[in-house]
Amino acid sequence: MSTLPQVPHFQTTLPGPRARAIIERDRHVVSPSYTRGYPFVMARGEGAMVEDVDGNVFLDCTAGIAVNSTGHSHPAVVASIVEQAGKFLHMSGTDFYYEPQVRLAEVLSESAPMPGPSRSFFGNSGAEANEAAIKLARYQSKRPFLIAFMGSFHGRTLGALSLTASRSVQRTGFGATTAPGVFHAPYAECYRCPVGLTPDRCQAECLEFLEEKVMVHLVSPDEVAGLVVEPIQGEGGYLVPPPQFHQRLRALTERHGILLIVDEIQAGMGRTGKLFAIEHFGVQPDMITMAKGIASGLPLGVVTARAGVMEWTPGAHASTFGGNPVACAAALTTIRLLQEQLMANAADVGAYMLDGFRALQQKHAIIGDVRGKGLMIGVELVRNRTTRERASRERDRVIDEAFSRGLLILGAGRNALRVSPPLVLTRAQALVALDILDASIAVVACEAGVQ
Ligand SMILES: Cc1ncc(COP(=O)(O)O)c(C=O)c1O
C-alpha cells in the first residue's frame with residue numbers, strides 16, 4: 001500500500017523552509033566538489049515517488065543517478081536487508097566466508113553473458129569495480145596499456161579517472177597523478193557521427209581512428225591489456241551505438257588478445273530491458289563491471305570475469321568492506337525482482353516513453369535527438385536542428401523548470417536530458433513525466449526563441 005501520492009504534490013514553495021535550512025548547513029561542512037543542480041532534500045521515498053523534508057512530493061526520473069533500480073525502499077529489498085542485518089553486518093569476505101557473497105557470485109556466473117563459468121570480485125562502488133578491472137587486466141595479460149573512449153565515465157579514483165574522459169573539470173588539477181598508459185578513441189556518437197556517416201551507411205567506421213591511428217602511431221596492440229567500454233555511454237549523453245560498433249570491438253580485441261571489459265555500471269542491471277546492456281549487441285565480453293543498480297541503493301561494486309581470466313594470487317587485490325553481506329543480500333533480491341518482472345517493465349514503459357519523446361520531438365524544434373533502450377533514455381536539446389548547436393544552458397533550464405513542476409531529472413553530456421527512473425515506473429507515471437517535460441520544454445524553447 002503506497003502512502004505517498006502517485007503524482008507530484010506541493011505543500012510549500014520550493015525550496016521549503018526545512019530544505020533551505022539543511023542546504024545552508026551543508027554549505028559550511030560538506031565538500032563543495034559535489035554538483036547539486038536544484039534544492040531537493042530527501043526525506044523518504046517509495047517506488048518512483050520521493051518526498052522532501054517539507055512534505056513536497058516529486059516523481060523521480062533520476063533513481064539517485066540510475067541506482068534505485070527496484071524503486072525507493074522496495075519492501076522485499078528492505079526485508080532482505082533487515083533479515084541479513086539481524087544476523088551479521090560484516091565479516092570481511094577477504095578473510096572469511098559467508099553464503100550471501102558466494103550465492104551472488106553464483107547468480108552472476110549463471111546470468112553474465114560470457115562463455116562458460118565466471119568468477120566475481122567484490123568492492124563498494126563503480127570506481128572500485130573499474131580499479132579492480134584495470135589491475136586484473138594488467139596482471140592477467142602482463143601488458144601495460146589500456147584503451148578507453150572519449151566521453152566515457154568510469155569513476156573518479158585515480159585509476160578509474162585515467163579511463164574517464166567525460167568532462168575536463170573531473171581531471172583538472174589531478175593530471176599529473178592519473179595512471180599513465182591509457183589511450184582514448186572516439187565513441188559511436190551517431191547524432192554527431194565522428195566520421196560524418198548516417199546510421200544506414202555505418203560499419204562503425206569511427207573505430208578506424210582506433211585501428212589506424214591509435215594502434216599504429218601510439219601503442220602496439222600486443223601491449224594493450226584491456227579495452228574498457230560502456231555498452232551505452234551514460235554520463236556522455238546516453239549514447240546508443242549501433243550493434244556493429246561492439247561487434248567490431250569484439251573482433252578487434254580477439255584478434256590482438258586484448259581483454260574486452262564492459263562497464264555496465266550505469267547501463268546494466270535491467271535498466272535497458274535486459275540484465276546487461278551488452279546483450280542487446282550480441283557480444284560476449286571478458287569482464288563486466290557493475291555497481292549502481294545492482295543492490296538497489298546499498299553500496300556494492302563487482303567485477304565478473306571469465307573464470308580463466310580471474311586468476312590472481314591471494315593478496316593480489318581485496319577490500320575490507322567489498323561484498324558486504326547486507327549489500328549482497330540486497331543484490332540477490334534486486335536481481336530476483338529484475339528477472340521476475342522489472343526488466344520486462346523497463347522494456348515496456350521504456351518503449352512507451354521513447355514513443356512519447358518522439359512525439360514531443362515533432363512538437364518542439366529544440367529536441368534534436370531522442371535515443372535509448374528501456375528506461376535509459378537521452379533527449380538531446382539543440383538551438384538549431386540544422387547546425388545541431390548544443391542547447392546546454394537551455395537543457396539546464398528545462399531541468400529547473402521540471403523541478404518546479406515536481407519532476408526530478410538530471411542532465412547527461414553537454415546538452416541532453418537523462419531519463420533514468422526506477423524500473424518500477426508505471427505508464428501512468430511515465431505520462432506525468434512526459435507532460436511535465438512537455439510544459440518545461442515549451443517554456444524554455446519560447447524563452448530561447450527556438451520554435
Ligand atoms: C558507467 C559508469 N562507470 C563508473 C561509474 C562510477 O561509479 P561510482 O560513482 O560508484 O564510483 C559511473 C558513475 O556514474 C558510471 O556511470
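## Ala-291 and its surroundings

Ala-291 touches Ser-125, Gly-126, Ala-129, Ile-265, Leu-300 and Gly-301, leaving out residues up to four places away in sequence; two residues are in contact if their C-beta atoms, placed from the backbone, lie within 7 Å. The residue sits in the loop between strand S9 (287-290) and strand S10 (301-306). Helices (H or I, at least four residues) and strands (E, at least two) are DSSP runs, numbered from the N terminus. Ala-291 is buried, with 28 other C-beta atoms within 10 Å. Burial is assigned from C-beta atoms placed from the backbone: a residue is buried if 20 or more others lie within 10 Å of its own, exposed if 12 or fewer, and partly exposed in between. Met-343 is 52 residues from Ala-291 along the chain, and their C-alpha atoms are separated by 17 Å.

This is a predicted model, in which local features need pLDDT of at least 70, side-chain atom pairs count only at pLDDT 80 or more, and totals for chains, interfaces and linings use all residues. Residues are numbered from 1 along each chain as its sequence is written.

## Ligand shell

The ligand is surrounded by 15 residues, the closest being Ser-125, Gly-126, Ala-127, Ile-265 and Gln-266. A residue is counted here if its C-beta atom, placed from the backbone, lies within 6 Å of the molecule. Ser-125, Gly-126 and Ile-265 are also among the contacts of Ala-291.

Helix H5 (residues 126-141) gives the most to this shell, with three residues. By class, the shell has five nonpolar, seven polar and three charged residues. In this classification Ala, Val, Leu, Ile, Met, Phe, Trp, Tyr, Cys and Pro are nonpolar, Asp, Glu, Lys and Arg are charged, and the others, Gly among them, are polar.

## Overall fold and domains

The protein chain contains 11 helices and 16 strands. Its radius of gyration is 22 Å, close to the 22 Å that the globule rule gives for 451 residues, so the chain is as compact as a globular protein of that length. The radius is taken over C-alpha atoms, and the rule is 2.2 Å times the number of residues to the power 0.38. Buried residues make up 51% of the 451 residues.

Domain 1 (17-74 + 341-448) and domain 2 (90-323) follow an automatic or database domain assignment. Their C-alpha centres lie 26 Å apart. The contact takes 29 residues from domain 1 and 24 residues from domain 2. On the domain 1 side, 12 of the residues are nonpolar, 11 polar and six charged.

## Nonpolar core

The largest nonpolar core has 126 residues, of which Ala-133, Leu-146, Ala-331 and Leu-407 touch the most other members. Such a core is a set of buried Ala, Val, Leu, Ile, Met, Phe, Trp, Tyr and Cys residues joined through C-beta atoms within 7 Å. Helix H9 gives the most to this core, with 16 residues. Beyond its neighbours within four places in sequence, Ala-331 is in contact with Leu-104, Ile-294, Ala-295 and Leu-300.

## Backbone exceptions

Most residues other than glycine have a negative phi, and most peptide bonds are trans. The peptide bond from Leu-14 to Pro-15 is cis, with omega near -15°. Pro-15 lies in the segment before helix H1 (17-29).

Ser-92 has a positive phi of about 65° although it is not a glycine, and is partly exposed, with 15 other C-beta atoms within 10 Å. Met-269 has a positive phi near 55° and counts as buried, with 31 C-beta neighbours inside 10 Å.
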